[in-house]
Amino acid sequence: MEGKPIRVLLAKAGLDGHNRGIQLVGKALRDAGMEVLYGGLRITPEEVVEMSIQEDVDVVGISIFSGGLMTIIPKIFQAMQQNEATRDIPLIVGGILPPGDAEALKAMGIRAVFGPGSDLEEIASFIRGLAAGSAAKEKAASG
Amino acid sequence: MFKEEELDAIRRTREEWELTVLGPIMEKWPERKGEFRTQSGHPVKRVYTPEDIAGKSYVEDISFPGWYPFTRGVFPTGYRANLWTRRLITGLATPEETNKRLKFLIEQGQTGLNIIYDNPTTNLLDSDNPLCEGEVGRDGVPTCTLRDMEVVMDGIDMRKVSTSIIHSGPFILSMYLALAEKRGIPFDQLRGTLQNDVLSQYYTVNMSVVSLRDGFRLSADVVEYCRKHVPRWNPISFVGYQIREAGSTAAQEIAFAIGSAIGYTEELMGRGMDVDDFAPRLSFMFNCHNDFFEEICKLRAARRLWARIMRERFGAKNPLSWLLRFHVQTAGSSLTAQQPINNVIRTTIQAMAAVLGGTNSLHTNSMDECYCLPSEYAARTALRTQQIIAYESGVANTVDPLAGSYFVEKLTDDIEAEAEDILRQIDGMGGMVAALEAGWVQREVVKASNEYHRKLKSGEITVVGVNMFQDSEDEEVPIEILRIDPAQERHQVEMLRQVKERRDKEALRRALERMKEDAAAHCNIVPSCMEAVKAYATLEDMRNALQEALGAGKESKDAFIC
């Protein structure tokens, strides 16, 4: 692990343009020493899978502020699950979610949902934990 | 504004006061902070006096309401004749539901309509496009064809209401005009505003169906068309609002909106139009954020700045051309998901600032808009907020009551100077389109946004319920959350299918063909767009036609800036 920076794919899903949150999180993760690959706005599930593989990322973070989040996020999650290469990449979500939605997403397998007021350093340290977890898993798998 | 001897006396008294009164008090009760600043970062002094505005002239810089340079407002009697237009953003689920909500708000005393479209409609995508699944009707009303406009406006007299359309380009306006034509209403009886500021869309919504320059041209076509055919319509509203939502300062907000207005003015004058023909119909839309005085001063500064630009830079002679008329929306980004009831109070303060800043029209956010589209209850409370300000508070009884406040006049001057400096930089880059293409505007806004969040984290800026006075984490949200039933999306998709089946395919093909030809030839796009709309072209049909003629815009992914 030492010396190899954590690679995070960040992107915004949904057709709206609210990118203020993801810009902030991206800066915080870079400041924390991670490599941030930015997928931009309006990312589709197929693009998430494709970029995750191409960029060999450790964690995927999707920002959302669209009223369609309970359709959009599950579609991204399922697309990642259906592909062997992305199945084990942890997916986290950021945004303002109506009460109950965050719990529903976590029950589905989204690893964390960061709502308003989340501490940027906490997000960074949570991602570090996730990356360490998947690295350990990989090591165990390769024997 | 003050005589020399008077200023001398003020200075002497101040020095004495500082020595004998202030000094000892400061030792005993130090101030809460070493330095006070506005939300956007302007230093704020302890006390303001005539010394701070000594260089200003009442007649030249402040003057009378309805009189150049309009610092005190565009109308001589302020709100004593007519109150501002109370206009709540409306758009939800389906055209049918939106029509019901509009009628409800009219019944509750709303005086203008303000229609917002869902994400697919904003992107010129149809409700049945797989990319839109889950987003139809979730953040506004879906409008794919003229049929949807017919339903939205059903039973509403288009001659009586003023309608604001939050959309850009000729598309939705063409539907509105086509509907008026169907109802036999002459265009000169229609009143309203189309947002249409493609430049602000480009860097806030990051939306560009065609290239920035093509989109800019098409939106200018709408202004040109409306000046000839829809005389009482405001064909463009320069949007500072979204720039502020993206994190800009108050001065950047007015500078970038005015920068965009300068860009359009140059384009239209370049087409041979007389500035005094179109300038009286240009309008603006601003934000009102938390810092009460800063917002009031920002609005006063914007009015004075625009009046001078119109008169001195563009040589406008018609006094109506000098008027900066604007709509205000209270700051959506100031709403907190934590303790959402507090949003009613925030919105009240912001709305009060808008009124004291002389807004012509106002949307007050509903307390639940941080989570979802407003419920009927929350929307009504937001409307009542305006009515309480208008009818109970007394602030609308006299014009620009804060004029002459040393602090207000000084801050107005400072914000104006800062905005002028930004405008000079934009001019230096070759104008707003070039500054956007270079990514300069976007970077400046992100820098300001990062700075705001740094201050929020360090506690230099306080937001109640967020970085002070927080509740425990498991506190329940005590508001009703409006959920849009997925069945509404299916209904909308089905309605669209029926329209597509019924429409005259040949008429549609011809209309779209003409639209492509006009776009490619750089003819004014509105007439052919109207024809396509009347043949029940969908937004996506028109999007495709334009992209075939002009090429698609640059992939609308935004860049990561840090």
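## A proline in a loop

Contact here means heavy atoms within 4.5 Å. The model is predicted. By that cut-off, and leaving aside neighbours within four places in sequence, B:Pro478 is in contact with B:Pro340 and B:Ile341.

B:Pro478 lies in the loop between helix 17 and helix 18 (486-502) of chain B. B:Pro478 is exposed, because its relative accessible area of 56% is over the 50% cut-off.

## The interface between chains A and B

How many residues does each chain bring to the contact? Chain B gives 40 residues and chain A gives 36 residues. The size of an interface is often given as the accessible area lost when the parts come together. For chain B and chain A, the buried area is about 3000 Å². Carbon and sulfur atoms give 52% of that area.

Polar links also cross the interface. The rule finds twelve residue pairs in polar contact between chain B and chain A, both residues at pLDDT 80 or more. Three helices of chain B each supply at least two residues of the side that touches chain A: helix 4 (119-122), helix 9 (241-245) and helix 17 (440-458). Helix 17 of chain B has the largest share, five residues. By residue class, the side of chain B that touches chain A divides into 18 nonpolar, twelve polar and ten charged residues.

## Salt bridges across the interface

Side chains of opposite charge can pair when their charged atoms come close. Between chain B and chain A, the count is three salt bridges. One of them joins B:Glu133 to A:Lys75, with the closest N and O atoms 3.2 Å apart.

A:Asp101 and B:Arg483 also form a salt bridge, and here the closest N and O atoms are 3.1 Å apart. The pair crosses between chains. A:Asp101 sits in helix 4 (residues 101-108) of chain A. B:Arg483 sits in the loop between helix 17 and helix 18 of chain B, and B:Pro478 lies in that loop too. Are the two partners buried or exposed? A:Asp101 is buried, with a relative accessible area of 8%. B:Arg483 counts as partly exposed, at 47% relative accessibility.

## Salt bridges within chain B

Over all chains, the structure holds 58 salt bridges. Among them is the pair B:Asp221 and B:Arg271, whose closest N and O atoms are 2.7 Å apart. This pair links distant parts of the chain, 50 residues apart. B:Asp221 is in helix 8 (residues 212-229) of chain B. B:Arg271 is in the loop between helix 10 (250-270) and helix 11 (275-278) of chain B. B:Asp221 is buried, with a relative accessible area of 2%. B:Arg271 is partly exposed, at 25%.

A further salt bridge joins the side chains of B:Arg308 and B:Glu416, at 3.5 Å from N to O. B:Arg308 lies in helix 12 (residues 292-313) and B:Glu416 in helix 15 (residues 406-429) of chain B, so the pair ties together parts 108 residues apart in sequence. B:Glu416 is buried, with a relative accessible area of 4%. This pair belongs to a network: salt bridges that share partners join B:Lys56, B:Asp61, B:Arg304, B:Arg308, B:Asp413 and B:Glu416.

## Two sheets in chain B

Chain B has an open sheet of five strands in the order 4-5-6-7-8, with parallel pairing. Which strands stand at its edges? Strand 4 (89-90) and strand 8 (233-234) of chain B do, and each pairs on one side only. Inside the order, strand 6 (residues 162-166) and strand 7 (residues 191-194) of chain B pair in the parallel sense over four bridges. B:Ile165 stands opposite B:Leu194 in strand 7 of chain B.

Another open sheet of five strands in chain B runs in the order 3-12-11-10-9, again with parallel pairing. Strand 3 (85-86) and strand 9 (236-239) of chain B each have a single partner strand, so one side of each is left without a neighbour in the sheet. Strand 10 (residues 282-288) and strand 11 (residues 326-330) of chain B pair in the parallel sense over five bridges. B:Cys288 stands opposite B:Thr330 in strand 11 of chain B.

Key. Residues numbered from 1 in each chain as written. Chains lettered and ligands numbered in written order. Predicted model: local features only at pLDDT ≥ 70, side-chain atom pairs only at ≥ 80, totals over all residues. Heavy atoms only, no water. Buried area = accessible area lost by both parts, 1.4 Å probe. Salt bridge = Lys/Arg side-chain N within 4 Å of Asp/Glu carboxyl O. Polar contact = N/O pair within 3.5 Å; in protein donor to acceptor, adjacent residues only side chain to side chain. Nonpolar A, V, L, I, M, F, W, Y, C, P; charged D, E, K, R; others polar. Pairing = 2+ DSSP bridges. Buried < 20%, exposed > 50% of the residue type's maximum accessible area, 1.4 Å probe, protein only.
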